[in-house]
Amino acid sequence: MDDREFYFATALANPKVRSALRSYIPDVEWSSRLAESVVKHFTKPSMDGQLFAPHSIEAHMINEFTRGEIADVIEACSEHTTQYKNDVNDENTNDVLESFRRFYQNRVVQGLIRDYQFEPEKIIDGVGKLKEFNLSSIPLYTLGELDVSKVIEEDMGNFNVIPTSFDFVARASQHLNGYATGQVCMVCAPPGVGKTLFLAHEVVHMMRHNRALIQKIKMIEQRKEMKAENGIEDFEKDDEDIKELEEQILKVFWIALGDMSRLDFITRLTAIYLGAPFSKVAAQPQLYFDDEVKELFKYVKISVLPAQQVDVFAVKHFIENTVTTPDFDPQVVIIDYDANLITYSKEMYQAGEEVYNAATAMARPVGKPGKLVFIASQPKIGYWDYSEIPKEAAAESSSKQAIIDMMITIGRNPAITEKKAGIMLIAKMRRGSEGEKGYYALEGGHFKMLDRLDYGSLISSSSEKGRKDGATQMRNQKFNRK
């Protein structure tokens with residue numbers, strides 16, 4: 001076995017090394033089957049950015065290699081991972097990359113000499129085309145020379161505004177009056193308070209937006225038919241208008257992990273669209289989920305999986321290679337919810353970072369249109385009874401709230417006993433204003449938004465009812481004693 005080859009194969013356990021070498025690895029011919037197998041494991045799309053997990057490499061290699069060989073690989077990978085965690089200034093990473101540069105060039109040249117030993121001009125040509133390594137290059141821009149339109153296109157993927165059904169979100173986003181593609185938005189609420197319901201309200205609003213666009217398209221097509229009947233063939237402006245409207249139609253992919261079923265999607269989204277109580281739609285879903293509703297939701301695709309079945313990298317790969325087609329490229333992705341994804345780091349901070357960094361890569365892909373990525377999450381248990389949940393409540397990792405662009409929290413006021421009610425809060429807004437609030441009560445399975453006075457009255461009436469109930473209970477206790 002070539003020790004240097006083995007060293008560089010196992011160095012891919014370091015996510016920084018793996019990211020830097022990904023485009024060079026395919027050019028290398030690995031002389032040992034062991035090194036080739038290690039490289040194959042670490043260059044899988046599902047490994048993007050994640051830390052090395054011993055059980056994953058063991059599962060990958062168990063049928064081909066001996067226990068001793070696998071143990072050697074795990075030990076070497078663990079050493080690289082440890083160096084990665086302690087490599088604050090990237091000194092070790094840079095040494096690995098510099099060594100790999102020499103190894104890479106030697107290996108490629110050896111292959112050229114072997115393949116073209118009697119054709120020196122091809123060897124010279126191949127050497128001249130060797131990839132230049134740009135592993136440490138840092139872009140430098142003169143701010144005053146940048147074209148704003150080009151910057152928006154390259155950095156945010158020609159961002160689009162995504163409408164919201166909630167006034168407090170529109171206020172917080174200022175000039176956008178909604179969300180923007182290229183953002184990661186966490187929706188954080190305790191169990192049963194309304195993470196999924198909030199997202200369902202937003203999806204229904206997006207589909208209503210689509211319905212208005214489709215109606216406009218139909219009107220233009222009717223206009224074209226009338227022109228054709230009158231012998232007018234000038235359709236250029238009409239076709240441009242139709243194309244512009246079609247590009248504004250929103251497509252949504254929603255992956256539910258653990259606590260949603262396909263019937264739940266049908267029931268919740270249909271009830272919100274029709275304004276009907278959830279209980280009625282749940283009792284007769286066939287009656288309410290008619291052709292009109294089906295037509296509305298043809299731009300929503302769903303996946304329903306048990307908890308702890310996939311990691312965020314598999315979700316990212318699935319969206320890019322299966323969900324996305326020439327006819328369906330979702331501008332909105334919903335992951336519901338983060339704790340039900342597999343993570344490979346035992347450290348809470350790094351596990352949160354792993355998920356949300358991958359979500360950011362989905363939201364802002366290089367050279368492609370950006371997406372709005374919603375991730376449902378739960379707050380730390382100590383905040384479950386807060387009527388207004390702050391951004392530091394993000395569970396499992398403070399790194400989450402550092403990475404995300406926007407955080408919406410939904411608290412439940414424990415003083416209101418008649419129904420679920422509380423405050424929705426813009427806890428973080430990278431491009432807008434934080435602190436905007438929405439007051440809500442749950443009625444018939446729907447969010448009913450309240451003004452501040454109505455919310456205050458709800459608190460007062462619950463307190464008054466509590467006092468009366470307490471007085472009645474005391475009288476009953478006295479009566480029973482007598």
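**View 1. F42 and F52 are both buried.** Buried means under 20% relative accessible area, with exposed over 50% and partly exposed in between (1.4 Å probe, protein chains only). The model is predicted: local features need pLDDT of at least 70, side-chain atom pairs count only at pLDDT 80 or more, and totals for chains, interfaces and linings use all residues. Residues are numbered from 1 along each chain as its sequence is written, and side-chain values use heavy atoms, with hydrogens and water left out. The structure holds 18 aromatic pairs. The ring centres of F42 and F52 lie 6.0 Å apart and their planes meet at 50°, so this pair is tilted. The pair links distant parts of the chain. F42 belongs to helix α3 (residues 33-42), while F52 is in the loop between α3 and α4 (54-61), ten residues apart. Rings of Phe, Tyr and Trp (its six-membered ring) pair if their centres lie within 6.5 Å; planes under 30 degrees apart count as stacked, over 60 as edge-to-face and the rest as tilted. Helices (H or I, at least four residues) and strands (E, at least two) are DSSP runs, numbered from the N terminus.

**View 2. Seven ring residues share one cluster: Y7, F8, Y24, W30, F100, F103 and Y104.** Elsewhere, charges meet rings. K195 lies over the face of Y337, at 5.4 Å from the ring centre. The charged end of K224 sits over the ring of F235, 5.4 Å from its centre. A charge sits over a ring if NZ of Lys or CZ of Arg is within 6 Å of the ring centre and within 35 degrees of the ring normal.

**View 3. Strand β4 (residues 252-257) is largely enclosed by the rest of the structure, because six of its six residues are buried.** V252, W254 and A256 point one way from β4. F253, I255 and L257 point the other way. β4 runs parallel to strand β5 (residues 300-305), joined by six bridges. There, A256 has V304 of β5 as its bridge partner. β4 also pairs with strand β6 (residues 332-336), in the parallel sense, over five bridges. Two strands pair if DSSP finds at least two bridges between them.

**View 4. Strand β8 (residues 406-410) has five of five residues buried, so the rest of the structure largely encloses it.** M406, I408 and I410 point one way from β8, and M407 and T409 the other way. Strand β3 (residues 184-188) pairs with β8 in the parallel sense, over four bridges. C185 stands opposite M406 in β8. Strand β9 (residues 421-429) pairs with β8 in the antiparallel sense, over five bridges. Here I408 stands opposite I426 in β9.

**View 5. The largest nonpolar core has 59 residues, and Y179, F198 and F374 touch the most other members.** Helix α10 (residues 195-229) gives the largest share of this core, twelve residues. A nonpolar core is a set of buried Ala, Val, Leu, Ile, Met, Phe, Trp, Tyr and Cys residues joined through side-chain atoms within 4.5 Å. Not counting residues up to four places away in sequence, F374 touches Y179, C185, V187, L199, M206, V332, V333, I334 and I335. Contact means heavy atoms within 4.5 Å. Apart from this core lies another, of 36 residues, among them A20, F52, M61 and C77.

**View 6. S462 is found in helix α19 (residues 452-481).** S462 has 2% relative accessibility, so it counts as buried. Leaving aside neighbours within four places in sequence, S462 is in contact with A415, I416, T417 and E418.

**View 7. The whole protein has 19 helices and eleven strands.** Of its 482 residues, 46% count as buried. Among contacts between residues at least 6 apart in sequence, 70% join residues at least 24 apart.
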